[in-house]
Amino acid sequence: MKGTITRCAKELVESQFGPEQWQAILEDAQVDEETRYRLAYPTTDIDDSMATDILRSTGTVLGLTPEQVADAFGEHWCCVYAPQIYSSIIAKFNSAKEMILGMDRIHVQMTATIRNARPPRFDYQWKDERTLIVTYKSFRGMVDIYRGLVLGVGKLFNEPLRARKLDNTQVEIVFG
């Protein structure tokens, strides 16, 4: 996994809970000193299990459920982190629906030249005119984070939407 995920988590925790909480999370996740240094670089390779341990430890240390961690991460990524780093990409979209439907294409384009990038892929199926079923395809099993990101996209565009995890591979999104 790329370090951009853990860098965003670090920024979220430090800005909302303080740097000492981030250090406690790293200790709980048993992150060694060398890896702590590498977490600062968004394109560095981070072991998948280390990234998921950090997200799990975030909940443990802060007393949050996995869903609360995913929601906070998704909102921070979409409303704070991504606009600073990926503003030119976000500017291409006029709505939450457009951005969610463009996510697969974004991942393919963004990671085409990044060594070892293995982003999730998405399939889309409309259930009705307002309800989209997204199949999340990744060996990492981070569908909860995806659901949180979907909610964050809604907040970014100030559009009401609901996102519900159907199983470990699918999320139902209701627009409007």
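Trainee: How much space lies in the largest cavity?
Mentor: This is a predicted model, and in it the largest cavity holds about 30 Å³ of space. A search of the whole structure for cavities of 30 Å³ or more finds 1.

Trainee: Which residues line the largest cavity?
Mentor: The lining is made up of Leu12, Phe17, Thr58, Leu62, Leu64, Val69 and Ala72. By type, the lining residues divide into 6 nonpolar and 1 polar, with no charged residue among them.

Trainee: And which helices each supply at least two residues of that lining?
Mentor: Helix H4, which covers 48-62, and helix H5, which covers 66-85, each supply at least two of the lining residues.

Trainee: Changing topic, how many helices and strands does the chain have?
Mentor: There are 8 helices and 4 strands in the protein chain, and read along the sequence they follow the pattern α-α-α-α-α-α-α-β-β-α-β-β.

Trainee: What about the radius of gyration of the chain?
Mentor: The protein chain has a radius of gyration of 16 Å, which agrees with a compact globule, because a globule of 176 residues would have a value near 16 Å. Along its principal axes, the C-alpha trace spans about 50 × 35 × 30 Å.

Trainee: What share of the residues counts as buried?
Mentor: Of the 176 residues, 43% count as buried, while the accessible surface of the chain comes to about 9300 Å², with 50% of that surface belonging to carbon and sulfur atoms.

Technical notes: Residues numbered from 1 in each chain as written. Predicted model: local features only at pLDDT ≥ 70, side-chain atom pairs only at ≥ 80, totals over all residues. Heavy atoms only, no water. 1 Å grid on protein atoms, 1.4 Å probe; cavity = no way out; pocket = protein on both sides within 12 Å on 5 of 7 lines; lining within 4 Å. Points joined across faces, edges and corners; volume = space filled by probe spheres on them. Nonpolar A, V, L, I, M, F, W, Y, C, P; charged D, E, K, R; others polar. Rg over C-alpha atoms; globule rule 2.2 N^0.38 Å. Buried < 20%, exposed > 50% of the residue type's maximum accessible area, 1.4 Å probe, protein only. Areas by Shrake-Rupley, 256 points an atom, 1.4 Å probe, with all protein chains shown as cover.
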